[in-house]
Amino acid sequence: MQQQKQYRVLLIGETCEDSYIFGSVDRISPEAPVPVVMHEATLTTLGMSENVKRNLQAFGVSVTHITNKKLIKKKRIVDSSSKQQLLRIDEDDKVDPIKPAEVKMAFLTSEFDAIVISDYDKGFVKVEDLMTFCQNFTGPVFIDTKKKDLFSAQNVIFKINHKEASTLRVQPAKQNLITTVGGQGAWYMDKLYPSENVDVFDVVGAGDTFLAALCAEFLKEHDMEASIKIANKASAIAVQNYGCHTLTPDDINSL
């Protein structure tokens, strides 16, 4: 049997430290109309572009990751019984910009099949950086971004959600844009690709899973329609799990 090629991806984007502080709630504070949380456990992991990395690796993709050194921190206070978030606290919300030397060094040491950019618009990459990556790379560039001024290029695919789409100031061409619409699926080229109807447990990280699956499948099949269908299925698995879910081998096989 011929061994399947291992694809190489350059991943660029912000990383955060996700802390989930679990506790029980059985009373309201006498000091203010807020719940009193009795701390039970704390779970800490890495999220944002690191979640994209883990899911790309789950598909067997080799990843070179360029990210911020000082982590963004997100703390979520969660009711243990319902798993509902009560509060989120963000720290260090802005990061230093990417260093061009890091990107040049990555290309000197590796040849990549695709670039994936997980851009939370925290200052790590500018629109000009995104354009430069597309202009100087011949392979596909997959960008999940919160920026409002997008552009068209032969090799770029932007993945944004419907809320982000509603605030765009500059639209790219139709062939350059995928818009996810939650449980409904994703729009591409004026066509809706429906998602499976599943019980949603937690939407955290679902967009990261979609992005990773989209890239991994496209590298294998070079078929955007098939890639969107696989990405929809992958994100449907993610929302049925708590927190940033890394696809398991069983998950991958089910796709």
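Glu-102 is partly exposed, with a relative accessible area of 25% (buried means under 20%, exposed over 50%, partly exposed in between; 1.4 Å probe, protein chains only). The model is predicted: local features need pLDDT of at least 70, side-chain atom pairs count only at pLDDT 80 or more, and totals for chains, interfaces and linings use all residues. Residues are numbered from 1 along each chain as its sequence is written, and side-chain values use heavy atoms, with hydrogens and water left out.

Glu-102 pairs with Lys-69 in a salt bridge, with the closest N and O atoms 3.0 Å apart (a side-chain nitrogen of Lys or Arg within 4 Å of a carboxyl oxygen of Asp or Glu). Lys-69 lies in the loop between strand 4 (62-66) and strand 5, and Glu-102 in helix 2 (residues 100-109), so the pair ties together parts 33 residues apart in sequence. Helices (H or I, at least four residues) and strands (E, at least two) are DSSP runs, numbered from the N terminus. Lys-69 is exposed, at 67%.

The structure holds 17 salt bridges. In one of them, Arg-76 meets Asp-18, with the closest N and O atoms 2.8 Å apart. Arg-76 belongs to strand 5 (residues 72-79) and Asp-18 to strand 2 (residues 15-28), so this pair joins parts 58 residues apart in sequence. Arg-76 is buried, at 3% relative accessibility. Asp-18 is buried, at 2%.

Lys-147 forms a salt bridge with Asp-119, at 2.7 Å between the closest N and O atoms. Lys-147 sits in the loop between strand 8 (141-145) and strand 9 (156-161), and Asp-119 in strand 7 (residues 114-119), so the pair ties together parts 28 residues apart in sequence. Lys-147 is buried, at 9%. Asp-119 is buried, at 2%. A network of salt bridges links Asp-119, Asp-121 and Lys-147.
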